[in-house]
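Subject: Structure handover and notes

Dear colleague,

Here is the structure that I promised to pass on to you. Please keep it open beside this message while you read the notes below.

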Amino acid sequence: MKKPGLIFAFLFALATPAMADPAEGTWKTQVDDSSYAYVKMVPCGAALCGTIARTFNSDGEYKSKNLGKRLVWDMVAKGGGSYNDGSIWQPSKDKVYASKMTLKGSTLYVSGCWGPICKKQTWTRVK
């Protein structure tokens, strides 16, 4: 009697698409050193990683040498919109910072620290 129920549950699980992480998608960074980027956040193993998808300056979109480079990696969801244990690269300084993020609606609060020096940015979701 229990076999049909187990088979149905198994088939339903296979047919249900995996739940996307709420922070997946494309995000617009704040301006840094006169330019900003669209960062595409996608799963990378059990974490999230972000790659520079498009770049912009005061003249509009341009082809930066950083296109396609990883900007964020190893962000682990901790629940409640919090992500920790990640790293973020600041292209203008060529420095990597220990990073964390907090998601609230269509806003992603990103911070990175290198020793006692911390920087913060507010990113907005690109529609």
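This is a predicted model: local features need pLDDT of at least 70, side-chain atom pairs count only at pLDDT 80 or more; totals for chains, interfaces and linings use all residues.

Residues are numbered from 1 along each chain as its sequence is written, and side-chain values use heavy atoms, with hydrogens and water left out.

I begin with the strands. Helices (H or I, at least four residues) and strands (E, at least two) are DSSP runs numbered from the N terminus, and two strands are said to pair if DSSP finds at least two bridges between them. Strand β6 covers residues 82–90, and it pairs with β7 in the antiparallel sense over seven bridges; within this pairing, Ser87 has Ala98 of β7 as its bridge partner. The two strands form a hairpin with four residues between them. β7 is in turn joined to β8 by seven bridges, and these strands also run antiparallel, with Lys104 standing opposite Thr107 of β8. In the hairpin of β7 and β8 there are two residues between the strands, and Gly105 takes a positive phi near 65°.

Two aspartates deserve a look at their backbone angles. Asp85, which lies in strand β6, has a phi near 70°, a positive value in a residue other than glycine. Asp94 is placed in the loop between β6 and β7 (95–104), and its phi, near 50°, is likewise a positive value in a residue other than glycine. Are these residues buried or exposed? With buried meaning under 20% relative accessible area, exposed over 50% and partly exposed in between (1.4 Å probe, protein chains only), Asp85 is exposed at 54%, and Asp94 is exposed at 59%.

Next come the disulfides. A disulfide is a covalent bond between the sulfur atoms of two cysteines, and here it is assigned to a pair of cysteine sulfur atoms within 2.5 Å, a rule that gives two disulfides. One of them joins Cys44 to Cys49, with an S to S distance of 1.9 Å; the torsion about its S-S bond is about 75°, so this disulfide is right-handed. Cys44 is partly exposed, with a relative accessible area of 25%, whereas Cys49 counts as buried at 8%. Another disulfide joins Cys113 to Cys118, with S to S 2.0 Å, and its torsion of about 110° makes it right-handed. Cys113 is partly exposed at 28%, and Cys118 is partly exposed at 44%.

Finally, how much space lies in the largest pocket? On a 1 Å grid over the protein atoms alone, a pocket is an open set of points where a 1.4 Å probe fits, with protein on both sides within 12 Å along at least five of seven lines, and lining residues have an atom within 4 Å of a point. The largest pocket holds about 550 Å³ of space. Of the 27 residues that line it, the closest to its centre are Asp32, Leu71, Gln90, Pro91 and Ser92. The strands β2 (35–44), β3 (47–57), β6, β8 (107–114) and β9 (117–125) each supply at least two residues of this lining, and β9 gives the most, with four residues.

With best wishes

Definitions and conventions. Grid points are joined across faces, edges and corners, and a volume is the space filled by probe spheres set on the points.
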